[in-house]
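Please look over the model below before reading on.

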Amino acid sequence: MRDFGVALFVMKKTSNLCLTRHVARCSIVIFAPLHMSYSKRRELADLYRTMRVEARNILMQDLAAEGMSEIRLADIGPEALRYATLWEDDAERLVDWSWEKLYKKWSSRPRHIALAIWIDPTLCCLVLGKITDGRVAARIDRIERNPNVSDDQIASVGVVAKRYLDYIGRIAKCRQAVVWEPASELIDYYKALGFTTEMVKRGKIVGLKYEIV
């Protein structure tokens, strides 16, 4: 249950997702009340940090075994954020957000998902999302590839992003994997990938999901 196919996709500028190609092991999760102490919040943040590291390490081991040892997975840190600023004025870029601002906002949430995909020395992709309340879903909210990566790198990035979402969902014991706010013209594409269940609000599809088994 660790292999995924590969297919090209590109998101329109207004979409939250703009990645690229067609595109376990479990830890115990604890949940704290809304009004938690600093120490409890720190404990929760440390737990989810451990889960992110575990997902990256397992996936890198599997990628190396599959002949893709050149791919390096990391948390989003200062190096990745500096690199991403080089994308901001690129004519090929499909979105207009600032990764530095996004990460500052999202990283304050204990249950955030953050991934930088490198094929050194190139940063190929950044991913932000979260484990939703009650461990219902592992969800990708923002994803962007380097607009200048090669076709071969694009294919690798797509595979890794999809597999990472599934891996961390399994580690967190989530029931679903979710693509949030997909572009309308790509809904059929995502359904073909396996995100077959529509999440509808006020008559609009706001997400697509599949059950993690």
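What follows goes through confidence, strands, salt bridges and aromatic rings in turn.

This is a predicted model, in which local features need pLDDT of at least 70 and side-chain atom pairs count only at pLDDT 80 or more, while totals for chains, interfaces and linings use all residues. Residues are numbered from 1 along each chain as its sequence is written, and side-chain values use heavy atoms, leaving out hydrogens and water.

The pLDDT is the predictor's confidence in each residue, from 0 to 100. Its mean over the chain is 80, and 79% of the residues reach 70 or more. Over residues 1-34 the pLDDT is below 50, and beyond near neighbours in sequence this stretch has 129 contacts in the model (a contact means heavy atoms within 4.5 Å). Where pLDDT is low, the predicted coordinates should not be read in detail.

Helices (H or I, at least four residues) and strands (E, at least two) are DSSP runs, numbered from the N terminus. Two strands pair if DSSP finds at least two bridges between them. Strand β5 is joined to β4 by 7 bridges, and these two strands run antiparallel. Within this pairing, Leu126 stands opposite Glu144 in β5. The hairpin of β4 and β5 has 5 residues between the strands, and Gly134 there takes a positive phi near 70°. Strand β5 is also joined to β6 (residues 176-180) by 4 bridges, this time in parallel; the bridge partner of Ala137 in β6 is Gln176. Of the 9 residues of β5, 9 are buried, so this strand is largely enclosed by the rest of the structure. Here buried means under 20% relative accessible area, exposed over 50%, and partly exposed in between (1.4 Å probe, protein chains only).

Asp133 bridges to Arg111, with the closest N and O atoms 2.5 Å apart. This pair links distant parts of the chain, since Arg111 lies in the loop between α3 (99-106) and β3 (112-119), 22 residues from Asp133 in the loop between β4 (122-131) and β5 (137-145). Asp133 is exposed at 55%, whereas Arg111 is partly exposed at 21%.

The whole structure has 9 salt bridges. One of them joins Arg42 and Asp46 at 3.8 Å, N to O. These two residues are 4 apart in helix α1, which means that about one helical turn separates them. Arg42, Asp46 and Arg49 are linked in a network of salt bridges.

How many aromatic pairs does the structure hold? There are 2, where rings of Phe, Tyr and Trp (its six-membered ring) pair if their centres lie within 6.5 Å; planes under 30 degrees apart count as stacked, over 60 as edge-to-face and the rest as tilted. Tyr83 and Trp118 have ring centres 5.7 Å apart and planes at 90°, so this pair is edge-to-face. Tyr83 lies in helix α2 (residues 78-84) and Trp118 in strand β3, 35 residues apart. Trp118 is buried at 3%, while Tyr83 is partly exposed at 22%. Trp97 and Trp99 also form an edge-to-face pair, with 5.9 Å between centres and 85° between planes.

Note on methods
Salt bridge = Lys/Arg side-chain N within 4 Å of Asp/Glu carboxyl O.
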